[in-house]
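Please describe this protein structure for someone who has not seen it before.

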Amino acid sequence: MRQNPSVGITMANPFNKYLSQRSTSYGESFHQVNVKDIPVQSFGISFNYKFGKLEFKKGESDNHGEPQEPTI
């Protein structure tokens, strides 16, 4: 039996903590500026471990066309 562990690391936007969005609106009697700082920086670690082996049998079954269960 072969076992396959793996570790994964994910990063999104590692050098910028926030994404800044700026919009400006003008009118006859107003001037408006909106600034949004959206947090976009993230880090993650994943661990995956596989064991055993699934085997699917080809051919005719006793279930007459119904799906077969995998055997371990």
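## N13 and its loop

N13 counts as partly exposed because its relative accessibility is 32%; partly exposed is the range between buried (under 20% relative accessible area) and exposed (over 50%), computed with a 1.4 Å probe on protein chains only. The residue sits in the loop between strand 1 (4-12) and strand 2 (18-26). Strands here are DSSP runs of E with at least two residues, helices are DSSP runs of H or I with at least four residues, and both are numbered from the N terminus. N13 is not a glycine, yet N13 has a positive phi of about 55 degrees.

This is a predicted model, in which local features need pLDDT of at least 70 and side-chain atom pairs count only at pLDDT 80 or more, while totals for chains, interfaces and linings use all residues. Residues are numbered from 1 along each chain as its sequence is written, and side-chain values use heavy atoms, with hydrogens and water left out.

## V40, across from N13

V40 belongs to another loop, the one between strand 3 (31-39) and strand 4 (42-50). V40 and N13 are 27 residues apart along the chain, and their C-alpha atoms are separated by 6.5 Å. Setting aside residues up to four places away in sequence, V40 touches A12, N13, N16, K17, Y18 and L19; contact means heavy atoms within 4.5 Å. With a relative accessible area of 26%, V40 is partly exposed.

## P39 at strand 3

P39 is located in strand 3. Its relative accessibility is 60%, so P39 counts as exposed. Apart from neighbours within four places in sequence, P39 is in contact with K17 and Y18.

## Strands and pairing

The protein chain has zero helices and four strands, which gives the pattern β-β-β-β along the sequence. Strand 2 and strand 3 pair in the antiparallel sense over nine bridges; two strands pair if DSSP finds at least two bridges between them. One of these links joins T24 to V33, its bridge partner in strand 3. Four residues lie between strand 2 and strand 3, and the two strands form a hairpin.

## The nonpolar patch

Which residues form a nonpolar patch on the surface? They are V7, I9, M11, F43, I45, F47, Y49 and F51, with about 1000 Å² of accessible area together. Strand 1 and strand 4 are the elements that give two or more residues to the patch, and strand 4 gives the most, with four residues. I9, one of the patch residues, is in strand 1 and counts as exposed because its relative accessibility is 66%.

Patches are made of residues with over 30% relative accessible area and no salt bridge, where like charges are joined within 9 Å and nonpolar side chains (Val, Leu, Ile, Met, Phe, Trp, Tyr) within 5 Å. A salt bridge is a side-chain nitrogen of Lys or Arg within 4 Å of a carboxyl oxygen of Asp or Glu.

## The chain as a whole

Of the 72 residues of the protein chain, 1% count as buried. The chain exposes about 7200 Å², and carbon and sulfur atoms supply 53% of it; accessible areas come from the Shrake-Rupley method with a 1.4 Å probe, and for residues only the protein chains shown count as cover. Among contacts with a separation of 6 or more, 49% are between residues 24 or more positions apart.
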